[in-house]
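User: I have a structure to go through with you. I want to know what stands behind each label.

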Amino acid sequence: MARETFQDLIAANKRNSVILIGGMFVLLLGLGAVFGAAYGQLEGGLLIAAVVALFLFLIAWVSGTDTLMAVSGAREIQKAEAPQFFNVVEEMAIAAGIPMPRVFLIDSDAPNAFATGTDPSHAAVAITTGLLEKLNREELQGVMAHEVAHIRNFDIRYTMLMAILGGAVVLLSDLFLRTTLLTGGGRRRNDREGGGVQAVLMLIGVLFAILAPLFAALIRLALSRQREYLADASAVEFTRNPNGLASALEKLAGDRTPMKASQAVAPLYIVNPELKLRGGADSWFSTHPPLKLRIERLRNLQH
C-alpha cells in the first residue's frame, strides 16, 4: 500500500461521503417520482417523498443525545470521577477546535466508545469502564481523538440524515406496495386511457419498491464505513500520532468480552459491540470497515 498523509485520507473520504449522500437523495426523489408517475401524479410523488423525509427528520432531531445515552445505559460524569479521561477529552476538543462535549460512562467490561450530538455545541462522548481500564493514556487519546473527530466532522448529523432518508425510502416503498395491492394496480383509473403505459410504470414502481430499501441500506452502510475511515484520519490530524489509535484498535480487536448494545446505537461505536462483528468486514453489509485494514492504514500513514 502506498504511503499517504492523513490529509489525503480526509479529502478522499469527504468526497466519497458527498457522493453517497447525493446517491441517497437521488434514490429517495427517484422513488417519489416513479411512484407518483405510476399514478399520474409526478409532482405529488416528489412532494410526498419530501414531506415524509421532513417528518422523520423532526422526530430524530427532537429525540436527541439524551435518548441515545439512556438507550445505551450511559450516565453523565464529572471531572472528579475520571480526571485523566476528562483531561484527554479536553485536549482533543481543543485540538479539534470544538467546545468540550459532555462526558458519559457505560458500565461494561467490553472496551468501546461512541460520540453523538447534532452539532459540536450539543455533543457528547461515551466510554465504557472496560476501555478506561484497558487502555493506556496514549491509546485513550487516540480513541477520544477518533470520537471527537466524529463530532467535528458532523458525522452524527450525517448518520441521522442517512437514517432518515433510508427510513423514508422504506416507508414510501411499503406505502406504494400496499396501495397497489388495494387498488389492483390502478386498473380502475387506467382501463380507458393510457392503460398500457400506466401498467409499465406500475410494474417499474413495484420493482423499485422492492429493491429501493436494499439500495438504501447499502448506501447507509457504505457511508458508515467511510465516516469511520475519516474519523481515523482526523484523529491523527489532532494527535499527530497514528500509533496511539492503531494500538487501541489492536487491543479492541483482540478483546473477547461480550457487550450488549441497542441496534440503533451499535453503528456509532468505534467497533461493533457484537463479538462476531467486532472486527468489521470488507463487506457491503458491514457497519464498520475491517479493523485489520484500519490499523494497516494508520500504521502506514505519513504525518
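User: Which residue stands opposite Leu105 in β4?

Analyst: Ile127 stands opposite Leu105. This is a predicted model, where local features need pLDDT of at least 70, side-chain atom pairs count only at pLDDT 80 or more, and totals for chains, interfaces and linings use all residues. Residues are numbered from 1 along each chain as its sequence is written, and side-chain values use heavy atoms, with hydrogens and water left out.

User: What makes β2 and β4 a pair?

Analyst: Strands are DSSP runs of E with at least two residues; helices are runs of H or I with at least four; both are numbered from the N terminus. Two strands pair if DSSP finds at least two bridges between them. Strand β2 (residues 102-106) and strand β4 (residues 123-128) are joined by 5 bridges, so they qualify as a pair. The two run parallel.

User: Why are β1 and β3 called edge strands?

Analyst: The open sheet has 4 strands in the order β1-β2-β4-β3, with mixed pairing. β1 (74-76) and β3 (113-117) each pair on one side only.

User: Which helix packs on the sheet, touching β2 and β4?

Analyst: Helix α3 (residues 83-96) does. Contact means heavy atoms within 4.5 Å. The direction of α3 makes about 135° with that of β2. Axes here are lines fitted to C-alpha atoms, for helices over the stretch in contact, and angles run from 0 to 180 degrees between N-to-C directions.

User: What makes a set of residues a nonpolar core?

Analyst: Its members are buried Ala, Val, Leu, Ile, Met, Phe, Trp, Tyr and Cys residues, joined through side-chain atoms within 4.5 Å. Buried means under 20% relative accessible area, exposed over 50%, partly exposed in between (1.4 Å probe, protein chains only). The largest such core has 42 residues. Phe85, Ile127, Val143, Met144 and Leu249 have the most contacts inside it. A second, separate core of 27 residues includes Ala49, Ala53, Val169 and Ala222.

User: Which residues does Val143 contact, leaving aside its neighbours within four places in sequence?

Analyst: Among them are Ala113, Leu131, Leu245 and Ile270.

User: Where is Asp109 found, and what does Asp109 touch?

Analyst: Asp109 is in the loop between β2 and β3. Not counting residues up to four places away in sequence, Asp109 touches Thr129, Gly130, Lys134 and Thr257.
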